[in-house]
Amino acid sequence: MTHAIPGLHHVTAISGPPQKNVDFYVGTLLQRLVKKTVNFDDPGTYHLYYGNQKAEPGSILTFFPFVDAGPGRAGPGMASAVAYAVPKGGLKAWVTALTEAAVDFDGPFERFDEQLIAVTDPDGLRIELTETARAVTQGTSTNGAPIDDGFHSVTLWLDTPDRTARLLTDVFGYASAGEASQGGEARYRFLAAGQGRGSVVDLITSNSASSGRQGAGSIHHVAFRAENDDVQRGWQETLRSQGFDVTPQIDRQYFNAIYFREPGGVLFEIATDPPGFATDEPMEKLGQELKLPAQHEHLRDQIERILPPVTVPKGGIPTQ
Ligand code: ZN
């Protein structure tokens with residue numbers, strides 16, 4: 001193995017109406033809207049990207065907001081939670097800020113020696129805030145709640161974890177970092193080499209009889225990082241040689257993507273770091289204008305008429 005996966009690149013989920021989504025991720029969770037574009041396969045629908053101030057890989061959560069999306073539900077074979085990293089000492093400020101803003105949360109509770117709280121977004125997607133020594137950057141919002149780091153982890157809910165675990169350790173270069181059981185749920189932690197942003201993957205199995213369903217509030221796929229096209233091509237070859245059905249490279253404007261289904265059923269992607277989100281608008285203006293890829297630019301008038309308007313709130317948890 002010549003390369004190891006350094007961590008998560010982005011996570012893509014489905015939401016209901018876009019305004020509530022923007023209000024929550026920018027207004028409450030203090031993320032930056034770093035790209036407002038359309039679903040390239042369905043250009044009458046938004047594709048919204050949130051990230052840290054620099055729109056770095058490992059901080060990017062994206063949504064396909066469908067105005068009339070039916071409710072989704074996490075279950076075996078799906079990613080069930082995304083966790084943001086909160087720098088050491090910062091969780092208290094989040095607890096205070098969320099309490100003051102009357103946003104419900106669970107916790108704090110402890111998992112593998114780290115403290116976390118969990119909130120659900122307006123469509124029911126579980127978002128965790130995990131205080132960790134692994135947080136890469138430090139930053140403080142006006143209300144004292146640290147922001148701007150990126151992901152801590154993603155959680156994959158599986159029927160059986162073994163084959164997914166082997167993909168992570170034997171192919172992706174992750175290390176097993178412990179297991180814990182609580183109330184009918186077993187959790188297995190894996191850590192990417194280098195332990196940078198978004199370096200944790202948790203696999204869980206659960207006794208609860210639930211079947212997952214794609215819809216608003218569910219995660220569609222999980223993307224891991226490749227440093228460049230050459231590295232991505234290497235992954236494509238390696239995965240194909242292991243019997244995975246991997247797509248050709250697809251141009252997603254801000255990165256190149258390949259996709260395959262991991263053994264537990266979750267759709268995985270490997271996305272390149274370049275060119276990044278400042279490829280079609282300046283870094284200081286990310287997310288302000290509707291950006292369309294060249295193939296859809298001639299439809300701009302039509303697309304702008306169809307898409308519901310969204311207003312981006314000021315970052316920061318509103319205080320009364
Ligand atoms: Zn993706």
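**Helix H3 and the zinc site**

Student: Against which elements do the buried residues of H3 pack?

Tutor: They pack against strands S9 (151–157), S11 (185–191), S12 (200–206), S15 (255–261) and S16 (267–275), and against H4. Packing rests on contact, which means heavy atoms within 4.5 Å. Residues are numbered from 1 along each chain as its sequence is written, and side-chain values use heavy atoms, without hydrogens or water. The model is predicted: local features need pLDDT of at least 70 and side-chain atom pairs pLDDT 80 or more, whereas totals for chains, interfaces and linings use all residues.

Student: What makes H3 a helix, and which of its residues are buried?

Tutor: A helix is a DSSP run of H or I with at least four residues, a strand a run of E with at least two, both numbered from the N terminus.

Student: Why are His 10, His 221 and Glu 269 called donors of the zinc ion?

Tutor: Donors are N, O and S atoms within 2.8 Å of the metal (3.2 Å for Na, K and Ca); water is not among the atoms, so sites may look incomplete. NE2 of His 10, NE2 of His 221 and OE of Glu 269 lie 1.9 to 2.0 Å from the zinc ion, and therefore qualify. His 10 in strand S1 (residues 8–15) and Glu 269 in strand S16 are 259 residues apart, and both are buried.

Technical notes:
Buried < 20%, exposed > 50% of the residue type's maximum accessible area, 1.4 Å probe, protein only.
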